[in-house]
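Please look at the sequence and the structure first, and then follow the text from one part to the next.

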Amino acid sequence: MNFKQITDGVYYAGVNDRVTTLFEGLWPLPYGVSYNSYIVDGGEKLALIDTVRIDEVREFLSNICAVAPGRTIDYLVINHMEPDHSGSIPEVVRAYPDIRIVGNAQTIGMIKGFYHIEDDSRFVEVKDGDTLSLGDRELKFFLTPMVHWPETMMTYLADSKLLFSGDAFGTFGALDGGIIDTEMDTDRYFPEMYRYYSNIVGKYGKFVQRALAKLSSLELEYICSTHGPVWHDRIAEVVALTDRLSAYRSEPGVTIIYGSMYGNTAEVAEVIARELSARGVRTIRVHNASHSSMSDMISDAFRYEGLIVGSATYSMRLFPPVETFMNAMETREIQGKVFAAFGGYTWAKGAVVAKLQEYSDRMKMPIAASMILRQTLDDESLAAARELAATVASQLKCTC
């Protein structure tokens with residue numbers, strides 16, 4: 001059993017997953033992940049907020065029974081329909097046959113599509129700003145579309161100043177004993193939050209900004225996300241981090257991503273990194289695209305102001321892992337970077353930088369500097385690599 005009272009009449013009923021290795025089949029989970037669900041006791045009625053991935057349903061139902069022994073669950077509120085949060089809906093309905101499912105119009109349509117629950121009398125449709133009485137307390141719903149699916153919404157419990165935020169403010173990492181941030185060392189979750197946001201939500205920054213604006217007047221004592229700790233003491237930091245990332249505001253530093261077959265392009269990356277350091281850049285993250293995880297590369301590219309990408313020429317194109325990375329940057333609509341490019345070639349001069357220029361043009365992110373390496377470093381290309389680093393260093397402005 002894994003349940004805990006968060007505040008008066010609000011309970012955690014979520015589960016940990018320490019088995020799944022790739023979130024969404026893509027993103028590494030070295031510390032596991034939690035699927036968070038909550039119960040609100042309103043006196044007359046009980047509301048369950050979100051469910052968990054179907055693999056963990058046995059423990060989940062046990063947690064619900066432990067929180068509310070002998071009582072029925074009256075409402076199931078679905079803030080987000082991704083299957084890691086909605087997968088247990090059919091089992092909850094079987095366990096509580098009279099339960100009513102609360103969601104917006106798009107949520108209800110997705111439930112019918114995913115789980116073939118067709119009885120309209122089962123559903124309570126809510127719109128932006130609607131409320132639901134549980135007796136002594138009331139839930140209020142805020143639609144936050146595209147954070148990060150079209151049906152996403154958040155649920156606010158005003159008397160406890162508590163927000164059930166769906167995937168917003170979430171993080172990778174299972175919960176090792178504690179549930180609320182005051183009960184644990186949460187420093188290790190912050191790098192995972194950067195990775196979670198950039199990997200999962202990154203494309204939808206403008207929608208996250210709209211959601212933050214909509215929620216800005218709410219008093220918050222607790223943020224109950226669907227992944228990671230319940231935030232209490234560190235709410236201001238978590239909201240500020242989400243605001244910064246969703247507005248594409250960077251931190252001081254430079255990320256270097258390179259792809260190299262035989263080490264020559266890699267040498268250029270090392271020269272650039274050393275020159276940046278010599279010019280006072282303290283935070284430098286260098287990734288060999290063949291070895292670093294795409295997850296970490298995306299996270300660092302989002303986080304730091306400078307982005308330098310280099311590639312060996314591969315069949316007149318970018319080296320495949322570098323091309324995959326650039327596709328990820330374009331998909332996430334990354335912006336506001338000091339962007340530089342370099343390439344290595346043997347006979348196809350300019351092919352790599354031309355391909356990176358195409359990405360630059362589509363992304364509306366100008367290339368601040370570029371250089372080309374023919375086969376191996378010589379005095380001329382060494383000087384060009386140092387000049388590229390100097391140009392990037394001179395254009396860095398971030399002091400956040």
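Which residues in H9 meet which residues in H10? The model is a predicted one, and in it Met294, Met297, Ile298 and Ala301 of H9 meet Pro321, Thr324, Phe325, Ala328 and Met329 of H10. Divided by class, the residues of this contact are 8 nonpolar, 1 polar and no charged.

**The chain as a whole**

The protein chain contains 12 helices and 22 strands. Its radius of gyration is 24 Å, close to the 21 Å that the globule rule gives for 400 residues, so the chain is as compact as a globular protein of that length. The C-alpha trace spans about 80 × 40 × 35 Å along its principal axes. Of the 400 residues, 58% count as buried. Contacts can also be sorted by separation in sequence: among those between residues at least 6 apart, 71% join residues at least 24 apart.

Two packed helices are described by the angle between their axes and the distance between the axes.

| Helix | Partner helix | Angle between axes | Distance between axes |
|---|---|---|---|
| H8 (residues 264-278) | H12 (residues 379-395) | about 45° | 8 Å |
| H9 (residues 294-303) | H10 (residues 320-331) | about 50° | 11 Å |
| H5 (residues 189-201) | H7 (residues 235-246) | about 35° | 11 Å |

H8 and H12 pack at an angle of about 45°, which means that H8 is oblique to H12. H8 passes H12 in a right-handed crossing. On the H8 side, the residues that meet H12 are Val268, Val271, Ile272, Glu275 and Leu276. Their partners in H12 are Leu382, Ala385, Arg386, Leu388, Ala389, Val392 and Ala393. By class, the contact of H8 with H12 has 10 nonpolar, no polar and 2 charged residues.

For H9 and H10, the angle is about 50°, and H9 is therefore oblique to H10. H9 passes H10 in a right-handed crossing.

How does H5 pass H7, in a left-handed or a right-handed crossing? The crossing of H5 with H7 is right-handed. Phe190, Met193, Tyr194 and Tyr197 in H5 meet Glu237, Val238, Leu241, Arg244, Leu245 and Ser246 in H7. This contact of H5 with H7 has 7 nonpolar, 1 polar and 2 charged residues.

**Two residues in strands**

Thr7 has its place in strand E1 (residues 4-7). Is Thr7 buried or exposed? With a relative accessible area of 18%, Thr7 is buried, because the cut-off for a buried residue is under 20%. Not counting residues up to four places away in sequence, Thr7 touches Ser160, Leu162 and Tyr222.

Arg317 lies in strand E20 (residues 317-318). The relative accessible area of Arg317 is 39%, and this residue is partly exposed. Which residues are in contact with Arg317, leaving aside its neighbours within four places in sequence? They are Ala312, Glu323, Val352 and Lys355. Arg317 and Leu356 are 39 residues apart in sequence, and in space their C-alpha atoms are 9.6 Å apart.

Note on methods: Residues numbered from 1 in each chain as written. Predicted model: local features only at pLDDT ≥ 70, side-chain atom pairs only at ≥ 80, totals over all residues. Heavy atoms only, no water. Axes fitted to C-alpha atoms, helices over the stretch in contact; angles between N-to-C directions. Helix = DSSP H or I, 4+ residues; strand = E, 2+ residues; numbered from the N terminus. Parallel < 35°, antiparallel > 145°, perpendicular 65-115°, else oblique. Left-handed = near helix turned anticlockwise from the far one by under 90°. Contact = heavy atoms within 4.5 Å. Nonpolar A, V, L, I, M, F, W, Y, C, P; charged D, E, K, R; others polar. Rg over C-alpha atoms; globule rule 2.2 N^0.38 Å. Buried < 20%, exposed > 50% of the residue type's maximum accessible area, 1.4 Å probe, protein only.
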